[in-house]
Amino acid sequence: MNEKKSIQDILSQIADESGATKKLTESFLRTLFEIAEEALMKDGIAKIPNLGTFKVVAIEERKSVNVQDGSEMIIPAHKKVTFTPEKNLKEDINKPYAHL
């Protein structure tokens, strides 16, 4: 369950299940990633139906402590990308734990 999949593993699985070539599958995925990246850069959001939404979120500057020497440090303001899964995907993933 904690098995990590490389991009090559994902490409192979998609190609095998769809009947497409690995080259076509790789081209499709790279194009999909480029389109999502362009949307994030332009609008700050990229929504992929049946998967979820990627958003650019601004993180403010904050103080922290260096764990190695205990000194205070400032973490500069920056942006990060967050992901929120679609409701159906989230429910499917959490279904085994619904009884808790």
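The points below cover a helix pair, a surface patch and the salt bridges.

1. A word on the source to begin with: this is a predicted model, so please read the points below as a description of a prediction.

2. I would start with the helix pair. Helix H1 spans residues 7–18 and helix H2 spans residues 22–43. Their axes come within 9 Å and cross at roughly 120°, and the crossing of H1 and H2 is right-handed.

3. Which residues in H1 and H2 meet? From H1 come Ile7, Ile10, Leu11, Ser12, Ile14 and Ala15, and on the H2 side they meet Lys22, Thr25, Glu26, Leu29 and Phe33. By type, this contact of H1 with H2 has 7 nonpolar, 2 polar and 2 charged residues.

4. Some of these names return at the surface. Ile7, Ile10, Ile14 and Phe33 make up a nonpolar patch there, and together they have about 320 Å² of accessible area. H1 supplies the largest share of the patch, with 3 residues; Ile7, for one, is found in helix H1.

5. Finally, the charges. The whole structure holds 3 salt bridges. One pairs Arg30 with Glu26, whose closest N and O atoms are 2.9 Å apart. Both residues, Arg30 and Glu26, lie in helix H2, 4 residues apart, or about one turn of the helix. Glu26 is also among the H2 residues that meet H1.

Definitions and conventions. Residues numbered from 1 in each chain as written. Predicted model: local features only at pLDDT ≥ 70, side-chain atom pairs only at ≥ 80, totals over all residues. Heavy atoms only, no water. Axes fitted to C-alpha atoms, helices over the stretch in contact; angles between N-to-C directions. Helix = DSSP H or I, 4+ residues; strand = E, 2+ residues; numbered from the N terminus. Left-handed = near helix turned anticlockwise from the far one by under 90°. Contact = heavy atoms within 4.5 Å. Nonpolar A, V, L, I, M, F, W, Y, C, P; charged D, E, K, R; others polar. Patch = residues over 30% accessible without salt bridge, like charges linked within 9 Å, V, L, I, M, F, W, Y side chains within 5 Å. Areas by Shrake-Rupley, 256 points an atom, 1.4 Å probe, with all protein chains shown as cover. Salt bridge = Lys/Arg side-chain N within 4 Å of Asp/Glu carboxyl O.
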